[in-house]
Amino acid sequence: MFDWFNGLVNNLNGVIWGNGDWLILNNPWYGLIVFLLVGGGLYFTIATRFAQFRHFFHLWSLLKVSGQGGRAGGISSYEALMTSLAARVGTGNLAGVAIAIYLGGPGAVFWMWMTAVVGMATSFVESTLAQAYKVPHTDNVFRGGPAYYIWAGLKQKWLAVAFSLCLLVAFGLAFNGVQANTIAAANEEAFGIPTWVSGIGLVIITAPIVFGGMKSVAKVAGKVVPVMAIMYILLALFIILTNLSAFPHAIATIFKSAFGLEQMGGGVLGYTIAQAMINGIKRGLFSNEAGMGSAPNAAATAQSHPNHPAVQGFMQMLGVFIDTLVICTATACIVILSGVVDPNTEQQGIQLTQLALSKFVGDFGVYFVAIAIFFFSFTSIIANYSYGESNIEFLSGERNAKMAMLGLRIALLAMVFIGSVANLTSVWNFADLSMGIMAIINLIAIVWLSPVALRVLKDYERQLKSGIPLEQISFDPDNFPKLKTEADRTAWKD
C-alpha cells in the first residue's frame, strides 16, 4: 500500500513539476506548474502594463518609508517584506542555483532572471489581493492570504480549505524538516556536530519565537534577514572585485549558454537550450515563490504605509527582485567565476557552492556556507511557521484557534528535530505535491480575481499622478464595486 501511494505521489509530481521532458512535444503536460506560473507571469506583466519596469524606482521609495505607519504593536510593511524574504531566501539561493548551473549550465541563470522578472508581476497581484481581503485580529496583526481571498472573492470555501491544508502540509510542517535537515548536515560536515545535537539546538532556539506568534517572527526576520543578505552579497562583491578581469567573460557565458551559443567543459559536454531553460525556470520558481501562494500570507499581515493594498504588492515585488536577481545572482557569480562546475563529477548543490567559495577564501568558505545556511534556513523555518499560523486560524475558526496553534507549534518543533536526524524522502515528495496543488489553486484564484488587483493598481497610480503626497495616499473599499461587498471595512479604518 505504501509503495503504491509513494508511486502515485511521484507520478503526480512528475505531471505537476516535470521530469525534465516537458519540452518534448508529445508530452506537453509534464511540468504543468512551470507553464502555469510562467504563463501567469507573462499575463500579469502585460495586464499591469509592465508595472515591474514602470514602477521599479518607486519600489525603493516605498522601501524607505516602509518602517513607518502600522498599527500600534502591529506589523509594518518592512517587517512583512522581511518575513516573506525570510521564507524565500533559503537553501535554494545557495544549493538551488548551483544545481541549476550543474544540470543546465551557466545559461540557467539567465532563465532564472527571466522567471523573476515576470514573477514580480505575479507577486504584485497576489499580494495586493491579500491586502485587499485581509481581516483584523485582536493582536493588531492582520490575517489574510489566498485562503481568505478565495473564500471572500470566489465564494469557494472548499477550495480555500484545500489551499490551507496543502500549505500546512508543505510550509507549516514538511519544508521546515527539510530546512532543519540542511542545517544539521552542514553543521556535521563543517564543524563535526552530530545531527541530533543540531536538532535539539534548533528546537530550543525556535520554540520561543514560534510561541511568540507572528509579531515575534516579524521582529526576528526584520533584524536577521537584512544582516544575512548583506553579508552574503558583500562576500560575492569581494570575489567579483578580486576577479574583475574574469567577470565580463562570466556574464557573457551566461547569455551565450542560455541560447546554446557556448558549451561548457571545454566543448567536451555541452548543455542544450532546453536544459538551460528547464533548470533555470524551475529553480527560479522554487526560489522566488511568485505565484505559489506563500508570500501573500506575509503580505496580508501588515498595515502598509501609505495605507493602500498596492503598496504591499509593490513591496513583495521587490522581494522577488532581491531574492533572485540579487542573492541568487551572487551565488551564480561565485560558482561560475570559480570554474569548478564539472558535469562529470558527483559534486553538486551545496557541496558545489562550498567548493566554489573554498577556491577564493580557502577553508573559510566551507564554514561561511555552513553559517549562511543556518541563518537562511532558520529564518525560513520561522517564516514558514507564520504562514501556517494564518492558515490554521482560518481552518479552526477563532473559537478553537488557541488549541489549533498549540498543536501546530508542537508539530513544527517535532518536525524540526525529526528533519535534523532523518532523511524522509517520501515526506518531502508529498510536500512537493502539496505545494504544487496549492500553487495551482492560487493561480486559478489570482487570474480570476486579477480585475480587482488591476483596479486597485489604477487607483493607486491615479492618486500618485495627481500629486498627492505619498503618505496621504489612501484606500476605500467602497470605491470598488466588488470589494464594497467583499472586503472587511474594519481592516481599513485608521
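Helices are DSSP runs of H or I of at least four residues, and strands are E runs of at least two, both numbered from the N terminus. On that basis, α10 gives the most to a nonpolar surface patch, with 5 residues.

1. Basis of the note. This is a predicted model, in which local features need pLDDT of at least 70, side-chain atom pairs count only at pLDDT 80 or more, and totals for chains, interfaces and linings use all residues. Residues are numbered from 1 along each chain as its sequence is written, and side-chain values use heavy atoms, with hydrogens and water left out.

2. The nonpolar patch. Trp196, Val197, Ile200, Ile204, Ile205, Phe417, Ile418 and Val421 make up this surface patch, and together they have about 670 Å² of accessible area. Patch members have over 30% relative accessible area and no salt bridge; nonpolar side chains (Val, Leu, Ile, Met, Phe, Trp, Tyr) are joined within 5 Å, like charges within 9 Å. Areas come from the Shrake-Rupley method with a 1.4 Å probe, and for residues only the protein chains shown count as cover. Both α10 (195-211) and α17 (364-421) supply at least two residues of the patch.

3. Val421. This residue is found in helix α17. Val421 has a relative accessible area of 41% and is partly exposed, where buried means under 20%, exposed over 50%, and partly exposed in between (1.4 Å probe, protein chains only).

4. Salt bridges overall. A search of the whole structure finds 9 salt bridges, each being a side-chain nitrogen of Lys or Arg within 4 Å of a carboxyl oxygen of Asp or Glu. Side chains of opposite charge can pair when their charged atoms come close.

5. Arg54 and Glu461. Their side chains form a salt bridge at 2.8 Å, N to O. The pair links distant parts of the chain, with Arg54 in helix α3 (residues 51-54) and Glu461 in helix α19 (residues 450-465), 407 residues apart. Arg54 is partly exposed at 36% relative accessible area, whereas Glu461 is buried at 4%.

6. Arg143 and Glu389. The closest N and O atoms of this salt bridge are 3.5 Å apart. Arg143 lies in the loop between α7 (107-132) and α8 (146-154) and Glu389 in helix α17, so the pair ties together parts 246 residues apart in sequence. Both residues are buried. Salt bridges link Arg143, Glu389, Glu393 and Arg409 in a network.

7. Arg462 and Asp459. This salt bridge has an N to O distance of 2.8 Å. Both residues lie in helix α19, 3 residues apart, or about one turn of the helix. Arg462 is partly exposed at 49% relative accessibility, while Asp459 is buried at 9%.
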